[in-house]
Amino acid sequence: MTIRAMGLAAAAVLAAGMVATGADQDRQKLAKDLVASSGIERQTQQFVDVVRTNLATLRESRPIEPAVAERLARAVDAALDAGKMQAAIQADLVAALEPKDAEGALQWLQSPVGKKITALEEAATAPAADGAKPVPAAPPAAPRAARIARLTTALNTVESATDLAVRAQKAIILAMLAILPPDAERAPDAAEFAEKKRPETRAFIEKATPDIFEKTYRTLTDEELDQYIAFAESDVGKKYSAATSAAVGRATLKAIEAMGATLKESTAKPVK
């Protein structure tokens with residue numbers, strides 16, 4: 001190979017690398033935009049808040065040395081980081097979604113109806129103001145109920161919500177075990193206990209979901225709800241839902257494992 005040919009070959013390799021880097025950056029941006037537009041940020045923060053709130057309740061209900069309580073709180077805060085979870089989800093979405101599918105999902109999320117739906121979903125997970133109690137929703141008319149049921153199926157809501165709830169239970173049980181005194185009667189393994197409760201958890205979620213969906217999407221017109229169903233049932237919608245559900249699942253599981261390791265290490269150290 002001549003020097004010129006070698007130079008051309010090297011230039012071609014560098015150019016290919018630059019194209020690949022540019023494509024990777026595009027995928028990174030698409031995934032970042034998806035996380036920002038989809039409500040995933042709210043979902044991960046809600047998961048962290050639920051675990052922290054339950055841990056605070058446990059600390060208040062049991063006599064714990066202040067130093068131990070403070071150390072456990074720091075350990076949980078270090079392990080349950082919503083920002084790290086979101087970064088992990090973004091990385092998973094880069095690997096799981098082809099750019100055309102990510103672009104299709106993003107186009108839906110940034111549409112007027114998509115934005116409205118995300119806002120409704122985020123508002124539905126926000127704490128009630130001033131301790132206000134939720135107002136029971138009137139039973140929806142049959143056509144509306146059928147739409148809600150179809151949307152629930154398309155989004156695989158019951159299974160995804162059950163997985164997330166079981167993982168939250170595992171995290172809470174891990175925290176509870178960490179604050180028990182050494183001579184206290186021990187509960188079963190956190191993972192085993194939460195998994196045994198899975199059928200009960202799923203049944204509760206399955207029963208509650210229609211009412212939750214009706215309340216959440218009550219301001220959507222039938223036409224807007226039909227648009228949501230059409231996206232959820234589309235090829236792009238199915239790929240997006242499956243990718244985000246798997247990514248959120250992996251991120252929460254990793255956070256729980258990190259919390260368990262941190263709590264174990266924390267409780268093994270003597271309190272100063």
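Predicted model: local features only at pLDDT ≥ 70, side-chain atom pairs only at ≥ 80, totals over all residues.
Residues are numbered from 1 along each chain as its sequence is written, and side-chain values use heavy atoms, with hydrogens and water left out.

The secondary structure of the protein comprises 12 helices and 0 strands, where helices (H or I, at least four residues) and strands (E, at least two) are DSSP runs numbered from the N terminus. Of the 272 residues, 36% are buried, that is, under 20% relative accessible area with a 1.4 Å probe and protein chains only. The accessible surface, from the Shrake-Rupley method with a 1.4 Å probe, comes to about 15,800 Å², and 60% of this belongs to carbon and sulfur atoms. Among contacts (heavy atoms within 4.5 Å) between residues at least 6 apart in sequence, 90% join residues at least 24 apart.

A cavity is a set of points on a 1 Å grid over the protein atoms alone where a 1.4 Å probe fits but cannot get out, and lining residues have an atom within 4 Å of a point. The volume, the space filled by probe spheres set on the points, is about 50 Å³ for the largest cavity. Its lining consists of Arg27, Leu30, Ala31, Leu34, Leu93, Val94, Leu97, Glu98, Pro99 and Ala102. Two or more lining residues come from each of α1 (3-38), α4 (82-96) and α5 (99-109), with α1 giving the most, 4 residues. The lining divides into 8 nonpolar, no polar and 2 charged residues; Ala, Val, Leu, Ile, Met, Phe, Trp, Tyr, Cys and Pro count as nonpolar, Asp, Glu, Lys and Arg as charged, and the others, Gly among them, as polar.

Technical notes
1 Å grid on protein atoms, 1.4 Å probe; cavity = no way out; pocket = protein on both sides within 12 Å on 5 of 7 lines; lining within 4 Å. Buried < 20%, exposed > 50% of the residue type's maximum accessible area, 1.4 Å probe, protein only.
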